[in-house]
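Reader: I would like to learn how to read a few features of a model. Please take them one at a time.

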Protein chains: 2
Amino acid sequence: MPITGKVSIHGIKYDGAIRRGDDLVDIVIREARKSKFKIRDRDIVILSHTAVSKALGLMVRLADVKPSAVAMSIAERLGRNAELVEVILREAEEIVRMEGGRLITLAKTGLVSANSQVDRSNVGSDEWVVIAPRNPDAIAKKIRKEFKSRGYNVAVVLTDTLGRPFRIGEVNFAMGCSGIKPINDLRGKRDLFGRVLRVKRIAIVDELAAASELVTGSSSEGVIGAIVRGYKYKRGNEGARSLRRPTERDLFI
Amino acid sequence: MPITGKVSIHGIKYDGAIRRGDDLVDIVIREARKSKFKIRDRDIVILSHTAVSKALGLMVRLADVKPSAVAMSIAERLGRNAELVEVILREAEEIVRMEGGRLITLAKTGLVSANSQVDRSNVGSDEWVVIAPRNPDAIAKKIRKEFKSRGYNVAVVLTDTLGRPFRIGEVNFAMGCSGIKPINDLRGKRDLFGRVLRVKRIAIVDELAAASELVTGSSSEGVIGAIVRGYKYKRGNEGARSLRRPTERDLFI
């Protein structure tokens with residue numbers, strides 16, 4: 001077939017505000033039913049960090065935070081809020097760079113980002129911040145299990161929108177995943193002409209994350225995630241953390 | 001609508017080998033017709049670097065390349081083929097890093113990658129390499145114009161699959177684009193609660209490129225690109241080169 005089987009991406013819109021304790025699986029299933037959209041086995045459910053973190057209650061009130069001496073000194077150097085810097089440091093595994101008011105860290109999630117993925121937007125008040133789960137793969141697994149217990153054998157990907165080196169603009173990355181091999185490993189495969197392929201390991205969960213952003217758009221529209229259908233993937237147990245490239249083997253930086 | 005309007009991604013499969021002088025626009029239109037797939041205005045036609053470069057005849061026979069003294073010395077240091085290194089250097093604007101047999105460059109395309117995007121795979125013989133067009137935005141514009149002259153007002157994105165810092169695995173990036181604003185600029189927009197959004201500029205052409213890889217898969221399957229339908233985008237004249245982040249303002253590296 002010259003035009004091949006398609007992949008489709010469906011936005012999950014939720015008009016309410018997500019609150020601590022909300023059952024996201026229930027919300028997704030309910031919203032799908034309202035649209036007569038039948039979730040199928042092998043669909044990929046992609047959820048945004050903000051929705052997941054809010055449901056988990058991963059919010060911190062800045063007024064309750066006591067900044068350490070280190071946080072205060074960094075905050076002063078960067079010209080930033082000391083309580084916020086304290087939260088960023090708590091969520092960081094290491095500081096990658098600190099300059100021009102910005103703090104690039106390796107977050108406990110395994111992702112390199114500005115501010116350890118700590119998010120001031122979309123929480124209903126200036127004084128609260130949303131933090132990412134420290135174990136996003138485990139959370140993805142839990143969500144996948146919940147879907148499965150309700151009869152839906154889907155894969156789950158959790159995403160966040162982050163900047164990246166060399167390129168202007170942010171894209172969606174996979175923060176956690178379950179039920180899908182994060183990498184499509186083509187090592188040893190051959191192309192049409194029998195040559196071993198140059199491209200060897202495709203980070204498909206990052207591509208799925210990026211694709212989902214095409215329907216989630218800005219968080220101002222209440223789209224909490226996406227369902228991807230028609231993409232053939234392999235099941236697997238590795239999480240998205242396996243995509244972290246150890247610094248000492250990173251030739252790009 | 002709880003499940004929102006979908007975006008769909010359709011692979012463009014072509015069983016022949018792309019040769020110098022082939023009319024890619026004609027090929028896409030013909031393959032679509034064979035499948036009774038009607039290309040519509042505002043569809044986004046995404047084409048892989050390899051198909052575009054081959055149609056443009058951007059291939060170099062290594063036996064015809066005379067390596068410079070610099071190329072020979074680098075090749076020796078890296079333990080690599082001197083003719084190949086010469087081609088890589090010709091396609092490079094600057095060398096970013098050189099280590100462990102690898103050569104990371106800023107290519108003339110504007111992308112940072114291994115080997116200036118020079119591609120040994122999928123060319124039919126070990127002795128030829130495919131190089132990327134040095135002006136991918138102009139090529140995208142030309143392709144878009146050709147589509148338009150045949151009655152299809154589409155946007156065009158040209159992609160390549162590349163490694164990136166911090167993360168294992170490669171993803172598809174936008175190398176060139178035409179008829180679509182490469183960045184969705186949300187600066188100044190507000191979220192559900194009136195807060196200015198943290199995520200400010202989404203690199204949508206990179207997300208479209210990544211999404212297209214979900215149907216193009218490995219080049220071993222003869223899928224030369226994808227058509228994305230249903231994604232709402234703004235028209236614009238900036239190319240994908242505008243996504244290049246000037247090194248001096250790159251806090252990540």
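Author: Strands of a sheet pair through backbone hydrogen bonds, either parallel or antiparallel. In this predicted model, strand 4 of chain B pairs with strand 5 (residues 102-107) of chain B in the antiparallel sense, over 6 bridges. Strands here are DSSP runs of E with at least two residues, helices are runs of H or I with at least four, and both are numbered from the N terminus; two strands pair if DSSP finds at least two bridges between them. E99(B) has R102(B) in strand 5 of chain B as its bridge partner.

Reader: Which order do the strands of the open sheet in chain B have?

Author: The order is 4-5-6, with antiparallel pairing of the 3 strands. Strand 4 (92-99) and strand 6 (112-114) of chain B are the edge strands, each pairing on one side only.

Reader: How are residues and chains labelled, and which pLDDT limits apply?

Author: Residues are numbered from 1 along each chain as its sequence is written, while chains are lettered from A and ligands numbered from 1 in the order in which they are written. As the model is predicted, local features need pLDDT of at least 70 and side-chain atom pairs count only at pLDDT 80 or more, but totals for chains, interfaces and linings use all residues.

Reader: Into which domains is chain A divided?

Author: Chain A has domain 1 (1-57 + 133-253) and domain 2 (59-132), with bounds from an automatic or database domain assignment. In chain A, 17 residues of domain 1 are in contact (C-beta atoms, placed from the backbone, within 7 Å) with 15 residues of domain 2. Helix 2 of chain A gives the largest share of the domain 1 side, 4 residues.

Notes:
Contact = placed C-beta atoms within 7 Å.
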